[in-house]
Amino acid sequence: MERITGRYFIETPFDVEKAAQVLAGEQSSGTFIAVPGETEELKARFAARVESITHLETVNSPAIPGASSKHNLYHRANIEVSWSIENFGYNLPTLISTLQGNLYELSQFTGLKLMDIELPEAYSNYFKGPRFGIAGCRQLTQVYGRPLIGTIIKPSIGMTPMQTAQLVQVLAEAGIDFIKDDELLSESANSSFKDRVDAVMKVINNHAEKTGKKVMYAFNISDEVDSMLRRYEYIINAGGTCAMISLNSVGLAGVKKIADQGQLAIHGHRNGWGMLNRHPLLGIEFPAYQKLWRLAGVDQIHVNGIQNKFWESDDSVVRSIEACLKPLANGTTILPVVSSGQWGGQAFETYRRTHTTDLLYMAGGGIMAHPDGPDGGVRALKQAWEGAVDGLMQDEVVLRYPEFANSVKKFGSQA
């Protein structure tokens, strides 16, 4: 029977081998003491296995609270633990409970982080994964050879449907490819979901009829499942192409239910990511995280951005982008959404580090606060990416394009 392997970074005051065995037992057939019924036959079939242990270092203080060490020695290691898929079948919530359940509560660990997941071919082939992914999102927006350029409705909350539609009109005329609701807005006192969809899609559909370009708008449908399904259908009937879901708020089963409908691209917002990842020895790393959401069917997922306004390092962002672009066994990939304090100036380093244009490159203030208005902001982003792909330096693009030059004057000093 095929197995799924979890790769963990751990810290423990105990013998690493014994701590790893505790993890394997707790997350499969065992408990803290032998119990009747846990036969050798049962363990052979259902017990987790410690596949490998790589010792790293020993430190003198714990990363997080847990069992104390008499000698102030805490051992760090990379371990691999595997489970037969007989334990959970093709049940994603139970898989999560296995990979990330009570193991975080085990006192034997003063640090534990799920770094990656190795999925067997049959398992990843069972799930349809993203219905659109990179190729489908490009087809829906008719954008090829460069990143999709996107923005977020700001102010995040408080605008009426008509005010939102007016802003969408400006952005559509500026040549934007993608717009999304902020994660804080689903339905507010002065912006009902249906009224916002009606107002926005009227603008987008009219613009598409005139120009042939249909802007992708990600309406935030995050809510209880029945409500999300109704909102999903409403977007389809209005002619929309995308729905946004706050992944960590809705949960894996809810997101999969929506993605399984298969008619809209799913924009996955990872708000709350910091509580899952920010500590170096607690939570989950993005390579593992994105695989789970890819199995659920998400087409686009946030990865932060180079030189971003948050805490995440550029190295981490690059690893996240690479993880999205690495196909699973079923060949699916997912569109990385680069965001967080982005403007054209980061395009050069982003392309140098990743060598890809398979991105949704999101800028809020980098577009909306451009000295030449949103039109200049969109143009500047496209110019920056054109220059980056052509191997030009930022100063060379400044000399070539006035819109990008103005963005450097505006945003360069704030970088």
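So, in what order do the five strands of the open sheet run? The order is 2-3-1-4-10, and the pairing is mixed. Strands here are DSSP E runs of at least two residues, helices are H or I runs of at least four, and both are numbered from the N terminus. Two strands pair if DSSP finds at least two bridges between them.

Quick housekeeping. This is a predicted model, where local features need pLDDT of at least 70 and side-chain atom pairs count only at pLDDT 80 or more, while totals for chains, interfaces and linings use all residues. Residues are numbered from 1 along each chain as its sequence is written, and side-chain values use heavy atoms, with hydrogens and water left out.

Strands 2 and 3 (residues 74-84) run antiparallel and are joined by nine bridges. I53, for instance, has I79 in strand 3 as its bridge partner.

Helix 12 (residues 286-296) lies across strand 4 (111-118) and strand 10, at about 50° to strand 4. Contact, by the way, means heavy atoms within 4.5 Å.

Now, pockets. On a 1 Å grid over the protein atoms alone, a pocket is an open set of points where a 1.4 Å probe fits, with protein on both sides within 12 Å along at least five of seven lines; lining residues have an atom within 4 Å of a point. Volume is the space filled by probe spheres set on the points, which are joined across faces, edges and corners.

The largest pocket comes to about 760 Å³. It has 33 lining residues, and the closest to its centre are K309, F310, S339, S340 and G341.

The second largest pocket holds about 280 Å³. Of its 16 lining residues, D116, I117, K291, K326 and L328 are the closest to the centre. And helix 12 is back: it gives the largest share of that lining, four residues.

Last bit, aromatics. Rings of Phe, Tyr and Trp (its six-membered ring) pair with centres within 6.5 Å; planes under 30 degrees apart are stacked, over 60 edge-to-face, the rest tilted. That rule gives 17 pairs. F88 and Y123 are edge-to-face, at 6.5 Å and 85°. F88 is in the loop between strand 3 and helix 3 (92-100) and Y123 in helix 4 (residues 121-126), so the pair ties together parts 35 residues apart in sequence.

Terms used: Axes are lines fitted to C-alpha atoms, for helices over the stretch in contact, and angles run from 0 to 180 degrees between N-to-C directions.
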